Amino acid sequence: MMARFTAYFGRKVALLHSGLPFPLALTLAFSAKESGFKAWSSHASGLPGFHSARIVALTTQQIHLRFTASFSLQLADFPLQINHLIKDDLVITCTCPTREA
């Protein structure tokens, strides 16, 4: 239980320190994970869940993720950069595989 709390707290701190309002940072986290899952879906072990990628850093310019083994054993701990654009109430995230794993 403590390990799950610590992991949750670490993710929340990353979102809070992003310089973005928390609801926007949370929306970006969800959207970034979806973009990562779609870009690397050919390597997925099954259907990804929210815990199939971890937020490493979130700034006003980029989001950095790491896939977990639950997404793909081959891509476990693979670093991924997600770019984003925020315009009014629209959020767009995008990425593309930079190399084949």
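This briefing covers two residues, Ser-35 and Gln-62, and the elements that hold them. The model is predicted. Ser-35 belongs to helix H2, while Gln-62 belongs to strand S2. Ser-35 counts as buried, whereas Gln-62 counts as partly exposed.

**Helix H2**

- Helix H2 covers residues 22-39.
- H2 has 18 residues, which at 1.5 Å a residue should span 26 Å.
- The buried residues in H2 are Ala-25, Leu-28, Ala-29, Ser-31, Ala-32, Lys-33, Ser-35, Gly-36 and Phe-37.

**Ser-35**

- Ser-35 has a relative accessibility of 14%. Because buried means under 20%, Ser-35 is placed in that class.
- Apart from neighbours within four places in sequence, Ser-35 is in contact with Ile-82, Thr-93, Cys-94 and Thr-95.
- With Thr-93 there is also a polar contact between side chains, at 2.7 Å.

**Gln-62**

- Strand S2 runs over residues 62-67, and Gln-62 is part of it.
- The relative accessibility of Gln-62 is 25%, so this residue counts as partly exposed.
- Apart from neighbours within four places in sequence, Gln-62 is in contact with Ala-57, Gln-81, Ile-82, Asn-83 and His-84.
- Asn-83 is 21 residues from Gln-62 along the chain, and their C-alpha atoms are separated by 4.8 Å.
- The side chains of Gln-62 and His-64 make a polar contact of 3.3 Å.

**A residue in both contact lists**

- Ile-82 is in contact with Ser-35 and also with Gln-62.

Technical notes: Residues numbered from 1 in each chain as written. Predicted model: local features only at pLDDT ≥ 70, side-chain atom pairs only at ≥ 80, totals over all residues. Heavy atoms only, no water. Helix = DSSP H or I, 4+ residues; strand = E, 2+ residues; numbered from the N terminus. Buried < 20%, exposed > 50% of the residue type's maximum accessible area, 1.4 Å probe, protein only. Polar contact = N/O pair within 3.5 Å; in protein donor to acceptor, adjacent residues only side chain to side chain. Contact = heavy atoms within 4.5 Å. Expected span 1.5 Å × (residues − 1).
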